[in-house]
Amino acid sequence: MKAWLTLVLFAFHALQLASQCVNRSIDLGCPQFTIGHRGSSHVYPENSLWALEDAFKHGIKICEVDVSLTADSVYVLFHDKPAVHRLLPIAGELSQLTFAEMQGWPMAAYRDDLFAANRVARLVDALRLAERYDAALYLDTKTSNLALLAQAISEAGVQPHRALPSLENLSSAQQWQALVPGGKFVWYAGGSLPSEVPTTSWIQSFIALGCVAFELGWSTVLANPTEFVLLKDLVHAASSEMWAFTVNDNALAAQLIGLGVDRLETDRPVALSRWLCEGLVQAFPDSLTTGNWRFTHSLNNTAGLGSQWRYLNWKEVDSNHRCAFVSTDSLSISPMPQGHARVMQVPALPPEQAILAYTNMSVDNDGTTDGTYSWILDFLLPPGSLGNWIALYQTGLGNNDDADLFINPQGQIGITGDYFGQLTENQWYRLIASIDDRQDSIRLFLNGLQIGSIRTYGTRWTTFTNSPSGDKQGFLVFSDNDGETAPLVVSAFQIRDYAIPAYEAALLAGPDSAGIPSGNADLYFPTSIWAVADSVWLDYDAQRYQILLKPNAPLNTLTLDFALSHGAHADVMPHSVVDATSKQVDIQVQSQDLTHAKTWTLCFENSLGTGVAAIDEQHGWAYPNPANQQIHWSLSPETIEVVVFDGQGRLLAQFSTRGQSELSCDTQNWPDGVYLYTAVQSDGRRYCGKFAVSH
């Protein structure tokens, strides 16, 4: 415990959990190597307050977020532009939607419908969250208006350095300093090196205006080693930092840190920090279903998760080339094996009317693309389609070359001269394409059986998973650059971010009118009527939660609630009563398709009502035992102010403590919950902590 601040109660009881329930935040002394890319975006939906707070709770001090302006000039956390289709289940452009209109739709359901309560967040609210955790937001400004950014800081009522906009030139830096005196920023030119050869004076001119770091794309670093070393040496000599983005691969991260990069943007900031500091290896990415569709009424018929599909040129869709949603009996085609069902009738699409499917896969190689994934298609060839080339999918988003998998006129599936299987008209099939660029192969499965394997080369089958604009990423379906396609009838489609092995393909078997079952087995939002508000702490990599209970919680008959991935089931039902006398409950979760299973451990602390765990700037965050009467701080001479916020970030109390050696605060009338405090030091440092109140 640091001498500058000690938090005590009348009696002190540290958290003592079973060994498998030890709080695993970033370890003591771990350098701040990572920046949360859109928060902990591998764990929670990107740019959500959930993703930001998860990173902050683990001690991550900087999160990158994308900020854009709505039609009514509100800065929101939103990546894609101009189209909003990937993140919202509506059609439109961000610049034409008001904040209130955006609030009417779930912004995170593309990850799973269990996140459907999430709405697009204002920058103001994200800044207040950063202030609570003594953290900062690095702003990737998709729409740049420095005056409105300054206004957001003012409205949030936070310190200027909580917002770090990305700026490229001195005039912008000067404008920012004039608008936000004492403000900070990051030098960023789209990931490229400076257009001019950097000099000491060039570096120092930016630092004098508040530049805290210079950021490059990781590929720029590796492709230009001489230029990078020159820039890095000048930056370090001026006591500033070098950052790089977006890095999810362990070996690549270690290489960049070894070259002198100080911080890395990553979707997995906690896991990567642990690996860099402690060598703790976490599997990444998870084997996840990232999109699932059952087409009954529209391109937005997701089955539990996934972004809506859209026409490539969605503003100019020819009515003759729109998909129709009808029943199989109205088409006079074979019913599905389980009976007649509603399906999507896909016409022979011209090149400009291809359909765009968003993958939403976690990036696991170069920060932009992914070459290891699978897609699953339930389909039928209507009468008259056989004898034509039929494009199945196209990774080139410009659709300016051949598609990347076809059905040939003979009814076989393949590409580059390798064709397999035998399709007939008016029969339902389930096709799985398992793409693995690590093995240079595409394996094809039809109704659960492997029919062939195609040798791949280069990056032809690589998909864009993080394009700069965001509204064009993923791949195209059912279209080709020169019209080599024909009508199809489609029931369901699914995307997974890994190469499906043969045994999983066998389990997935043939087409089903209910759609394709999902393969996710995650557990989120565990709680209890006996839990202290805002006390849940997630260690996603260890599949473990810590939950603080009220002093009188009945451990032997504890009511428990939680949410599961779409379609998953557990050996403990939500809303159940469990025996938690061992302070630990293990829940076995199995995916809907029976291919994946995870054990989630819930760790409980049943407090005596006294004591609190201490934390400092190196420990990360831990949840304490609660206070029920009064809380005391023992202060160092440097402490000049203590500020207390409630769990929603509202200012609760503010104490001037200059010259005081201790501070007491009555908590008797405070609602039960978790509270955050900030101890402000005379030199400007701010240390944060957390305590709970339970009566």
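Contact here means heavy atoms within 4.5 Å. The structure is a predicted model, in which local features need pLDDT of at least 70, side-chain atom pairs count only at pLDDT 80 or more, and totals for chains, interfaces and linings use all residues. Residues are numbered from 1 along each chain as its sequence is written, and side-chain values use heavy atoms, with hydrogens and water left out. Helices (H or I, at least four residues) and strands (E, at least two) are DSSP runs, numbered from the N terminus.

**Helix H6**
- The buried residues of H6 pack against helix H5 (170–179), strand E7 (185–188), strand E8 (211–217) and helix H8 (225–237).
- In H6 (residues 200–208), the buried residues are Trp-202, Ile-203 and Phe-206; buried means under 20% relative accessible area, exposed over 50%, and partly exposed in between (1.4 Å probe, protein chains only).
- Ser-201 and Ala-208 are exposed on the other side of H6.

**Nonpolar cores**
- A nonpolar core is a set of buried Ala, Val, Leu, Ile, Met, Phe, Trp, Tyr and Cys residues joined through side-chain atoms within 4.5 Å.
- The largest such core has 66 residues, and those touching the most other members include Leu-52, Leu-123 and Phe-214.
- Helix H4 (residues 146–156) gives this core its largest share, 7 residues.
- Another core, of 48 residues, lies apart from it and has Val-317 and Phe-478 among its members.

**Asp-370**
- Asp-370 belongs to strand E17 (residues 369–370).
- The side chain of Asp-370 reaches the backbone nitrogen of Thr-372 at 2.9 Å.

Methods. Polar contact = N/O pair within 3.5 Å; in protein donor to acceptor, adjacent residues only side chain to side chain.
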